[in-house]
Amino acid sequence: MNDGLQDCVLVVDDEFLIAQTLSIQIEDMGLTVCGTAATAADAIALAKAQRPRLVLMDMRLKGVGDGVDAALAIHEFVGSKVIFITASREPAMLERMNQDHPAAILFKPVFGRQLQTAVREVLAAD
């Protein structure tokens, strides 16, 4: 486990229902959700305040910046692991996501077992 990181998950998605669904799935795994964010700025601020072990990060967010921008800043300031969750399979988008060395990339729609497996593998690798 990383020093100084809390045993919680930050959920970042600009679609409220998706963020809620992911949060419920995380809580059903017995993990704690330390917050949800819809913008890159909110995600970075919450990550700095909560110091989550893991961030579930949507690629397209509201406002200025996208999931990669947020993930790079969170990685630099906090060191959390990031699982990208995206509907995009565009090569340029995938290349951007890989700039941050994500722990995993999941494609929407994400089914419960797929999410559970990825989260467990990432947290077990800590």
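Me: What makes the largest nonpolar core a core, and which members touch the most others?
Reply: A nonpolar core is a set of buried Ala, Val, Leu, Ile, Met, Phe, Trp, Tyr and Cys residues joined through side-chain atoms within 4.5 Å. The largest one has 22 residues, of which Val 12, Val 55, Met 57, Ile 74 and Phe 84 touch the most other members. At least two residues each come from several elements, including strand S1 (6–12), strand S3 (52–58) and helix H3 (67–77); helices (H or I, at least four residues) and strands (E, at least two) are DSSP runs, numbered from the N terminus. H3 gives the largest share, four residues. A separate second core of 19 residues includes Leu 22, Ile 26, Leu 54 and Val 122.

Me: How do you know these values, and how are residues counted?
Reply: The model is predicted: local features need pLDDT of at least 70 and side-chain atom pairs pLDDT 80 or more, while totals for chains, interfaces and linings use all residues. Residues are numbered from 1 along each chain as its sequence is written, and side-chain values use heavy atoms, leaving out hydrogens and water.

Me: Why is Asp 58 called buried?
Reply: Buried means under 20% relative accessible area, exposed over 50%, partly exposed in between (1.4 Å probe, protein chains only). Asp 58 has 5%, so Asp 58 counts as buried.

Me: What does Asp 58 touch, and what does UniProt place there?
Reply: Contact means heavy atoms within 4.5 Å. Leaving out residues up to four places away in sequence, Asp 58 touches Val 12, Asp 13, Asp 14, Gly 67, Ile 85, Thr 86 and Lys 108. An unreviewed UniProt entry places "modified residue: 4-aspartylphosphate" at Asp 58; such annotations may be inferred rather than shown by experiment.
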